[in-house]
Each structure stands twice: as structure tokens, then as C-alpha cells.
Number of protein chains: 6
Amino acid sequence: MIYITRRESFNAAHKLARPDWSDEENTAVFGKCANPNWHGHNYQLFVTVKGEVNPETGFLVDLKWLKQIINQYVIDKIDHKNLNLDVDFMQGVLASTENLAIAIWNILNPMIAEGGAQLHSIKLYETDNNYVEYFG
Amino acid sequence: MIYITRRESFNAAHKLARPDWSDEENTAVFGKCANPNWHGHNYQLFVTVKGEVNPETGFLVDLKWLKQIINQYVIDKIDHKNLNLDVDFMQGVLASTENLAIAIWNILNPMIAEGGAQLHSIKLYETDNNYVEYFG
Amino acid sequence: MIYITRRESFNAAHKLARPDWSDEENTAVFGKCANPNWHGHNYQLFVTVKGEVNPETGFLVDLKWLKQIINQYVIDKIDHKNLNLDVDFMQGVLASTENLAIAIWNILNPMIAEGGAQLHSIKLYETDNNYVEYFG
Amino acid sequence: MIYITRRESFNAAHKLARPDWSDEENTAVFGKCANPNWHGHNYQLFVTVKGEVNPETGFLVDLKWLKQIINQYVIDKIDHKNLNLDVDFMQGVLASTENLAIAIWNILNPMIAEGGAQLHSIKLYETDNNYVEYFG
Amino acid sequence: MIYITRRESFNAAHKLARPDWSDEENTAVFGKCANPNWHGHNYQLFVTVKGEVNPETGFLVDLKWLKQIINQYVIDKIDHKNLNLDVDFMQGVLASTENLAIAIWNILNPMIAEGGAQLHSIKLYETDNNYVEYFG
Amino acid sequence: MIYITRRESFNAAHKLARPDWSDEENTAVFGKCANPNWHGHNYQLFVTVKGEVNPETGFLVDLKWLKQIINQYVIDKIDHKNLNLDVDFMQGVLASTENLAIAIWNILNPMIAEGGAQLHSIKLYETDNNYVEYFG
């Protein structure tokens with residue numbers, strides 16, 4: 001069993017605020033992340049897959065393929081977007097790093113399984129000081 | 001003459017779009033940066049000042065002071081904010097990295113001169129791949 | 001189960017030397033790290049906690065709280081300090097990165113449990129080339 | 001049980017191409033990595049060992065020793081080398097990051113066991129965007 | 001006058017060796033960089049242009065355009081290539097970082113002038129520890 | 001004219017405190033950097049030299065030589081040392097980053113001139129957030 005990781009980046013706006021709470025309640029819980037006019041981040045996404053090395057190619061998976069599905073099904077839907085307003089798979093949940101990592105797992109997990117490997121983890125940096133990891 | 005640089009970080013939302021242009025015109029010029037619902041970045045700001053070393057302290061300037069004025073007059077006004085909507089000194093100009101660097105120069109330049117040093121440059125990273133420098 | 005990590009930094013002096021050994025013995029075992037007049041590092045500390053996402057907030061834990069307890073109970077006691085002389089929880093052990101990581105675990109583990117999450121790991125960089133991880 | 005990691009770097013040339021395939025077949029599978037005239041990378045190698053802290057030294061292992069065996073048995077054989085042509089332990093396999101990580105594990109694993117610790121993982125970065133991990 | 005910088009990356013093989021010298025002479029001067037079977041690097045290229053901010057767009061230059069010409073005229077010709085064998089504009093000179101930076105300047109300088117800005121510098125990292133800068 | 005930069009690292013202890021001031025005066029001016037028991041840093045040193053490319057080698061200077069003199073005359077004297085107590089060329093001045101950068105310039109400047117190049121700048125990082133540059 002070997003593990004391979006691909007890093008991709010995207011930029012997005014978001015806010016942490018429940019629509020059923022007042023601005024005061026949201027600020028009390030989420031601090032400056034609740035700014036009604038949004039803020040944003042340069043996110044970094046690390047997708048780790050695991051499996052056996054294919055002796056014919058020396059590869060676990062073809063990284064060009066992994067890069068392509070990450071970009072088509074994830075990055076293109078969130079890059080230069082508003083996570084709260086523009087992203088269908090983030091509707092109905094708070095736009096936290098935790099929830100975004102879980103949503104990305106749910107998108108990529110069946111696709112990577114179809115490609116013959118196994119998704120191991122989603123690691124998502126919101127800033128250089130904070131990141132989330134999800135293992136399913 | 002010696003140069004000393006202090007790095008600070010902030011997160012903000014913005015879009016590149018002229019209010020006097022249509023969405024189509026803005027997208028034609030600014031691409032995905034014109035997304036009407038905003039996007040955002042983890043900006044990094046490098047403030048470089050120059051002058052003589054004070055032989056009594058071995059310092060060009062007290063970095064605690066430099067950090068304090070950068071935070072009070074710049075970071076606190078843009079961190080977790082929307083550069084287009086929330087920031088008084090960005091009203092009336094496009095929220096580009098170029099214009100933000102120039103605006104930060106204009107704020108800090110007289111304050112650093114009052115503190116006995118000279119502002120040398122503002123360097124502002126929008127992403128790991130793009131940065132702007134302004135020398136006045 | 002989701003994992004979230006917070007990074008904090010501190011600067012400290014230390015030496016690797018047993019008080020019951022001579023300078024020669026210490027240098028033979030610890031090399032230049034045994035310099036009697038100390039040396040120092042910019043340490044980086046990564047604290048990883050795990051648990052369930054709170055559906056009300058989208059958070060595993062409030063990062064402002066996590067940052068606050070790391071700073072109050074760990075960083076404020078070791079930043080700009082001498083690990084051998086100034087830090088009560090490092091008395092009686094060698095000031096190695098291993099021992100410091102274990103000591104930080106012992107401080108934070110009960111506090112994070114009280115806060116409703118679970119400490120997963122302490123990762124401590126002494127330099128860009130060396131780091132220690134402890135999982136309890 | 002504690003884990004300690006040492007980072008080392010090396011530069012090497014390689015290509016991804018099976019000698020029993022034509023250039024067209026290799027390019028179809030490996031893309032620009034199959035360039036017959038080679039390309040190359042600044043690799044980063046992270047070697048993680050685990051075990052108990054020695055109470056006499058505060059160390060899991062002596063990092064000077066770990067650095068020395070990594071350099072003598074791995075780095076000196078691959079740094080400024082061609083992985084396909086110059087490296088005995090890569091003969092007969094494709095020069096992929098996966099295969100190189102496994103080969104490095106196989107070299108270091110018995111040596112670290114002899115030194116009284118346990119090899120936990122080999123992490124090998126080919127670029128800032130791709131890395132492989134192997135746990136034996 | 002404002003300065004904007006775009007970073008791009010590429011991977012290439014090279015060796016430092018004069019064809020009119022013996023292997024012994026080349027090794028005496030260039031050390032392990034003269035390995036006849038090549039080695040390689042993950043290069044990082046920083047292209048800095050300068051000029052006035054266009055008040056209509058808030059831009060010095062359109063970074064999409066800058067990125068496009070760097071990729072079309074430079075990166076596509078050197079990425080995953082052998083600098084000594086595959087790159088027309090490096091024929092007849094040693095494949096040093098210095099010579100590569102100068103060659104990239106000579107390619108981009110007239111194109112950036114045609115685009116209405118001015119090339120300020122080419123900064124080229126061969127490794128994290130070494131880089132070259134050229135200002136024309 | 002071309003510029004080439006070599007990065008080296010070192011770890012050292014220091015404090016910012018005048019021996020002719022009381023602890024209270026030192027703390028009033030230098031804050032936690034005046035801790036009598038020292039603190040320390042992982043410093044990063046960037047040495048930039050300039051000159052013409054030698055057409056015979058494609059080099060401005062031989063980086064092995066540059067690395068060797070930086071290590072012999074600077075790094076070996078300050079790495080794993082106490083800047084206030086152990087370093088002859090820092091006696092009589094405050095152990096600030098400014099003064100250390102100037103002292104390193106004064107050591108390397110004549111040696112690099114003898115080697116046929118010209119020292120352009122000393123850039124010295126004390127932390128990721130602070131650095132000093134000196135151009136003579």
C-alpha cells in the first residue's frame with residue numbers, strides 16, 4: 001500500500017453566519033468571520049489516495065487523471081467563487097473549512113474508487129495557521 | 001543606511017469590476033475576478049523602512065512600534081473585510097493589488113516619517129504567484 | 001470524525017546538556033547543541049484536535065478558543081524564554097524537542113478534553129529540517 | 001511512542017519510460033515525463049522514525065546519526081544523479097516517485113532497526129504539488 | 001511607477017560541462033553538476049514588470065496576458081526538457097542559471113515592451129538555496 | 001551585470017540588553033527580547049554578489065566557493081552560539097539583527113572582492129516576519 005498526494009489551490013469568499021441568527025448572534029459566535037460583506041482566503045487542498053503500485057507504470061494512479069478530476073469536479077466549482085452563494089454542494093450548511101472538506105470528500109470518494117484507487121484523506125488549509133483533515 | 005521589513009497578513013474579499021460597466025464588460029476584462037458574488041485572498045503585506053541604526057538600541061526602528069501602526073492603521077481596517085464595500089480608503093478605485101499597495105503606502109508614509117524613519121517599499125502578495133511592489 | 005490543526009510559533013533558547021555530566025561528556029553526546037552559553041530556535045507548534053462537527057456552528061471546535069488556550073498555557077510560558085532555566089514544566093528533563101512535545105501534550109490534553117474535543121497530536125518543528133510528533 | 005522526522009534534499013534527473021515500449025507508447029502513458037532527453041527535480045525526502053524516548057539523552061534517536069545514514073546510504077547515491085542510469089537500487093523498475101520511496105524504505109529500514117528505532121514512513125516530494133508516502 | 005511579479009515553475013534536466021573539455025576537467029570545475037548522465041531541478045521563475053497603473057482597470061498589466069506569454073515563449077520550451085539538448089535558445093552557452101536567466105530576459109523583454117510595460121527583472125531559483133537575478 | 005544569492009542557515013541565542021542599563025530599563029525598551037536568560041532564533045542569511053558572467057564557465061562566481069567562505073568565516077562562528085557571549089565580531093555592540101547584518105557584510109565584503117566579484121547585499125531573517133537588508 002502506497003499513498004500519493006496532489007495539491008491544488010483556489011481562492012474564494014465566504015462568511016460564517018447562520019441565516020436564522022441575527023448579525024449580533026453571528027458575531028458573538030463567529031467573530032470577524034461573520035462580517036456580512038464577506039471575506040476570503042487562498043485555500044490549499046491536498047487530496048491523498050492510496051493503493052498498490054501498478055508494476056506496468058510504476059504509478060499508484062496517473063497524477064494527470066487525479067489532477068483532472070480534482071479540477072473538473074471541485075476546483076472549477078469553488079475557485080473565484082462565493083462558497084455561501086455560488087456553490088451548489090455547500091447549500092444548507094455553514095461554509096466552514098470542516099464542512100467544505102467533508103463535501104469535497106463526498107464528491108471525490110466515488111470517482112477515485114471508480115478509477116481503481118482509494119481516497120485516503122482530504123486536507124484543506126484555510127490559512128497557513130489552520131487546516132482540517134477528513135478521512136471519511 | 002539599513003533596511004528592515006515587517007510582514008503582516010490579512011484575509012479579505014474583493015472583486016475586480018467597474019460599477020459603470022455591465023457584468024459582461026467586467027467579465028471580458030477581469031475574467032473570473034469579476035464574479036459579482038466576490039472571491040477572496042490571504043494577503044501578505046511586507047512593509048520595508050530604511051534609515052540609520054540607532055547606536056543606543058542597535059535598532060533602525062522599534063519593530064513593536066512598526067507592527068503596532070501597521071496593525072492599527074492598515075490591518076484592522078482590511079482584515080476579514082470586503083475591500084470594495086468596507087474599506088474607506090479604497091472607495092472610488094478598483095480593488096486591485098496595485099491600488100491597495102499604493103493606498104497602504106499613502107497611509108503609512110507620513111506615520112513612519114514622523115517616527116524618524118523612511119518608508120522604502122510596500123510589497124503585497126495576493127497569492128503565492130503574484131505580488132506588487134510600490135516605492136512611492 | 002474530523003481533525004483540525006492550529007499552528008503557533010515561539011522563539012526560545014536552550015541547550016542539550018545533563019547537569020550531572022561534564023562539558024566534555026555533554027559535547028561528546030550532544031555535539032554543538034551542548035554549547036554551555038546556549039543557542040536557540042524559532043519553533044513551530046502544530047496542535048491537532050479531533051471530534052465531530054457541531055451542526056449548529058459547522059465547527060469541530062472554536063479556533064479562537066483553541067488559540068487562546070495554546071497561547072495562555074503554552075506559548076506565554078516558553079516564548080522568548082530559556083527552556084532549561086525559565087520553564088517550570090521542563091524542570092528535571094533534558095530540553096529536547098521530544099520532551100517539550102510530550103510536556104505540551106500533558107498540559108493541553110485535559111484542557112481540550114474539557115472543551116469537548118480530543119487532542120490528537122502535538123507536532124513540534126525545531127528547524128525546517130527536524131520535527132517531532134507525539135500522539136499520547 | 002514518539003515520532004521524529006528528518007528532512008534531506010537532493011536533485012536528480014529521470015524519465016518515465018519503459019525500455020520495452022516505443023517513444024509513442026511512452027508519451028501516450030507518461031506525457032511530457034517521457035521526454036527521451038530527461039528532465040529533473042529538486043526532491044525532498046522526509047524520513048520518520050518512531051520509538052521510546054531515551055531518558056538519559058531526551059532523544060528518540062541521535063539526529064546526527066540519522067542524518068549520517070540517510071546521507072551515506074541514500075542521498076550520496078542519488079544526488080546530482082540520473083535515477084534511471086546511475087542508481088543501482090533503481091535498476092529494473094520505473095523511476096517513479098512511488099518506486100523511489102519504496103526503494104529508500106528498503107535501504108533504511110534494517111539500518112534504523114539496528115540503531116534501536118523503527119522506521120515509520122518515507123515521504124518523498126517530487127514537486128511542491130506532489131508527494132508519496134510509504135509505511136512499509 | 002509600480003512593479004508586479006508573476007511566478008511560474010518548471011522542471012528540467014541539465015549538466016554543467018563544456019563539450020570541449022574532458023570529463024575530468026569538467027568535474028574539476030563544476031563538481032557533481034558535471035555528471036555526464038545529467039541531473040535536474042524544479043526551477044522557479046519570477047518575472048517582474050514595471051510601469052504606471054492604468055486608471056481604467058487598476059492594473060499595471062493584465063496578469064492573464066503576462067502569464068500567457070511567459071508560458072508560451074518560455075515555460076513550454078523548457079518544462080520537462082533537457083536544457084542542454086532540447087532548448088534552442090540555450091545552444092552554444094553553458095546551461096547555468098545565470099545564462100538561462102539572461103536568455104529568458106532576451107525573449108521576454110521585447111514582448112513586454114510591445115505590451116506597454118517594461119521588464120524590470122528576471123529572478124530564477126535553481127534550488128531553495130540559490131537564485132540569480134538579472135536586470136538587463 | 002548579474003546577481004547571484006546563496007542562502008545559509010544558523011541557530012543562535014541572544015538577548016537585547018545593554019549591560020550599562022538595569023533589567024527594568026532593558027525590559028522597558030526591548031520588551032521580552034531583554035529576557036536575562038536569553039532566547040534564540042533559526043536565522044536565515046542571504047548573501048547576494050554581483051558581477052559579470054564568466055564566459056568560460058557560465059558562472060558569476062563558483063557557488064561552492066561562495067558557500068565555503070560564508071560557512072568558514074560566518075556560519076561556523078555563529079551557529080549554535082550565543083551572539084552576545086561567544087562571537088568575537090559582535091563584542092561591544094547590541095546583538096540586534098541590524099548589527100549582525102552589518103558585521104557579516106564587513107567580514108565578507110573584502111573576501112568576495114578578492115574572489116573577483118562584488119558583495120551586493122546581506123539579507124538576514126530573524127523570524128519569518130522580520131528581516132534586515134544591508135547594502136554597505
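Through which surface do the copies, chain D and chain E, meet? Since 100% of the interface residues of chain D are also interface residues in chain E, the copies meet through the same surface.

This is a predicted model, in which local features need pLDDT of at least 70 and side-chain atom pairs count only at pLDDT 80 or more, while totals for chains, interfaces and linings use all residues. Residues are numbered from 1 along each chain as its sequence is written, chains are lettered from A and ligands numbered from 1 in the order in which they are written, and side-chain values use heavy atoms, with hydrogens and water left out.

**Chain D and chain E**
- A rotation of 180° with 0.0 Å of shift along its axis brings chain D onto chain E at an RMSD of 0.0 Å, where copies are superposed by least squares on the C-alpha atoms of residues with pLDDT of at least 70 in both; that is the relation of a two-fold axis.
- Contact, meaning heavy atoms within 4.5 Å, links 20 residues of chain D with 20 residues of chain E.
- About 1600 Å² is buried between chain D and chain E, with 46% of it on carbon and sulfur atoms; buried area is the accessible area (1.4 Å probe) that two parts lose on being put together, summed over both.
- Of the area that chain D buries against chain E, 35% comes from Asn37(D), Asn42(D) and His80(D), more than from any other three residues.
- There are two salt bridges between chain D and chain E, a salt bridge being a side-chain nitrogen of Lys or Arg within 4 Å of a carboxyl oxygen of Asp or Glu.
- Lys32(E) forms a salt bridge with Asp79(D), and their closest N and O atoms are 2.8 Å apart.
- The rule also finds 17 residue pairs in polar contact across the interface of chain D and chain E (both at pLDDT 80 or more); a polar contact is a pair of N or O atoms within 3.5 Å, where within protein one must be able to donate a hydrogen and the other to accept it, and residues adjacent in sequence count only if both atoms are side-chain atoms.

**Chain D and chain C**
- Chain D is superposed on chain C by a rotation of 120° with 0.0 Å of shift along its axis (RMSD 0.0 Å); the two copies are thus related as by a three-fold rotation axis.
- Asp128(D) comes closest to the rotation axis of the residues of chain D, its C-alpha lying at 8.7 Å.
- The contact involves 20 residues from chain D and 19 residues from chain C, and the area buried between these chains is about 1600 Å², of which carbon and sulfur atoms give 53%.
- Across the interface of chain D and chain C the rule finds zero salt bridges, but nine residue pairs in polar contact (both at pLDDT 80 or more).

**Pairs without contact**
- Chain B and chain D are joined by no contact, their closest C-alpha atoms lying 12 Å apart.
- No contact joins chain C and chain E either, and their closest C-alpha atoms lie 12 Å apart.
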